[in-house]
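I opened this model today to look up a few things. My notes follow the display.

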Amino acid sequence: MTEESDSKNTFRICDELGLSALVEVHDEQEVQTALNTGARIIGVNNRNLKDFSVDTDNSRRLRELIPPNVLFVSESGVRTAEDVETLREIGADAVLIGETLMRASDKRAKLSRTARCEYDEKSSCAV
């Protein structure tokens, strides 16, 4: 089987289960493959997996290739509320905040500052 047919089969199974798959991409070719297979959610990883450097400009560059009807997630390199706002301005529908939260001693406070939102015991963060 080809990578595309494997992906299409995975999407079919997800649909049957009522799930949506987040397809992670790193470059133009992977974006095209994801789109060709019918991905409805695409996450652009801003971390170069060869040298682990992070460049959020990767999201800006690849966003232009992803149609507006596909949910766009920017992954890695999101550290501040300003980062979130910059990514929102380029059309990110969501951000994945991992390392920044894992390194924070007070994860709730860090997420609240980064997303510029408040929490209470009964609700999640709403931006």
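Entry 1, the model. I noted at the start that this is a predicted model.

I then checked its length. At 1.5 Å a residue, the 15 residues of α1 should span 21 Å, and the end C-alpha atoms are 21 Å apart, so the two values agree. After α1 comes Gly-18, and its phi is positive, near 75°.

Which residues make the nonpolar surface patch? I found Ile-13, Leu-17 and Leu-19, with a patch area of about 280 Å². Is Leu-17 buried or exposed? Its relative accessibility is 59%, and exposed means over 50%, so Leu-17 counts as exposed.

Entry 4, the sheet. I traced four strands in an open sheet, in the order β1-β2-β3-β4, with parallel pairing. Strands β1 (22–25) and β4 (94–96) stand at the edges. Each has a single partner strand, so one side of each has no neighbour in the sheet. The twist from one strand to the next averages 30°. I reminded myself that strands of a sheet pair through backbone hydrogen bonds, either parallel or antiparallel.

How many bridges join β3 and β4? I found three, in the parallel sense, with β3 made of residues 71–75. I also looked for what stands opposite Ser-74, and it is Val-95 in β4.

Note on methods:
Residues numbered from 1 in each chain as written. Predicted model: local features only at pLDDT ≥ 70, side-chain atom pairs only at ≥ 80, totals over all residues. Heavy atoms only, no water. Patch = residues over 30% accessible without salt bridge, like charges linked within 9 Å, V, L, I, M, F, W, Y side chains within 5 Å. Areas by Shrake-Rupley, 256 points an atom, 1.4 Å probe, with all protein chains shown as cover. Salt bridge = Lys/Arg side-chain N within 4 Å of Asp/Glu carboxyl O. Buried < 20%, exposed > 50% of the residue type's maximum accessible area, 1.4 Å probe, protein only. Helix = DSSP H or I, 4+ residues; strand = E, 2+ residues; numbered from the N terminus. Expected span 1.5 Å × (residues − 1). Pairing = 2+ DSSP bridges. Axes fitted to C-alpha atoms, helices over the stretch in contact; angles between N-to-C directions.
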